[in-house]
Amino acid sequence: MSEHILLDLDHTLYPPSTGLMDEMNRRIESYTASFLKVSLPESERIRATLRDRHGTTLRGLFLEHGDDPERFLAFVHQGLPGDFLKNDPALDAALAALGKKVHIFTNAPENYARRALSALGVAQRFDRVFDIAFTKYLGKPALEAYRMVETALSCGPSSCLLVDDTLSNVRGALSAGWKAVWLTERADEGGIRKVASLSLLPDLLRQAVGGR
Ligand SMILES: [Mg+2]
């Protein structure tokens with residue numbers, strides 16, 4: 001088993017059906033439209049371009065339009081997760097079955113991540129939280145972001161394992177020399193290790209260690 005297990009937060013520790021990311025996406029849309037002084041449809045077109053060029057809306061607004069990342073993050077995450085997340089004993093059991101503390105590696109801010117972990121009732125399962133500010137707002141899947149985490153953990157890339165629902169982040173981890181598991185129910189994208197639910201992760205990792 002890898003020395004360090006790093007879990008993404010949004011749509012990895014909780015499912016899309018909670019509606020939490022829909023709320024955050026609504027806020028990003030309205031923030032972007034207001035910041036750029038354009039209509040919502042126009043801001044959506046700009047966001048798509050910014051994400052293509054820079055990986056995240058935040059980084060695109062920062063690099064091309066001089067936005068303040070902290071202002072953006074505060075607007076998007078203020079008061080969240082609120083009532084969107086509930087205690088999740090099954091998640092807690094899955095994390096306990098990993099047999100070690102794990103870390104969060106998220107493109108969200110740490111204060112929001114810690115509120116989310118508390119709301120899910122799993123804060124005690126985690127050691128460190130590597131957030132977007134930690135990566136100097138680069139975020140996954142920038143190679144440098146993975147390197148910063150390795151340095152902080154004093155380990156090499158092959159000691160790190162990322163579990164993430166976003167394929168580009170999984171590919172970024174593999175490019176960095178990490179091990180990676182894509183949290184997905186999709187069957188395509190051969191060659192990438194996949195798991196349909198975090199509850200299946202402990203068994204998957206045990207099998208990997210056993211070489212089966
Ligand atoms: Mg995610």
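Which residues are buried in helix α7 (residues 143-153)? Keep in mind that this is a predicted model, then select the helix and colour A145, Y146 and V149, which are the buried residues there. These residues lie on the same side of α7, because they cover an arc of only 100° around the axis. Turn to the face directed away from that buried side, and you will find the exposed residues E144 and T151.

Next, show what the buried residues of α7 pack against, namely β1, β2 (102-105), β3, β4 and α8 (167-175). The strands β1 to β4 belong to an open sheet of six strands with parallel pairing, in the order β3-β2-β1-β4-β5-β6. Its edge strands are β3 (126-130) and β6 (194-195), each of which pairs on one side only.

Now select β1 (residues 4-7) together with β4 (residues 160-164), which pair in the parallel sense over four bridges. Within this pair, L6 stands opposite L162 in β4. Leaving aside neighbours within four places in sequence, L6 is in contact with V102, H103, F105, V149, C160, L161 and L162, and V149 is one of the buried residues of α7 already coloured.

Finally, display the largest nonpolar core, which has 50 residues, and in which L6, A113, L161, L162, W178 and A180 touch the most other members. Helix α6 (residues 110-120) supplies the largest share of this core, six residues, while domain 1 (4-13 + 86-210) and domain 2 (18-77) each contribute at least three residues.

Technical notes: Residues numbered from 1 in each chain as written. Predicted model: local features only at pLDDT ≥ 70, side-chain atom pairs only at ≥ 80, totals over all residues. Pairing = 2+ DSSP bridges. Helix = DSSP H or I, 4+ residues; strand = E, 2+ residues; numbered from the N terminus. Buried ≥ 20, exposed ≤ 12 C-beta atoms within 10 Å, placed from the backbone. Arc of directions from axis to C-beta. Contact = placed C-beta atoms within 7 Å. Core = buried A, V, L, I, M, F, W, Y, C linked by C-beta atoms within 7 Å. Domains from an automatic or database assignment.
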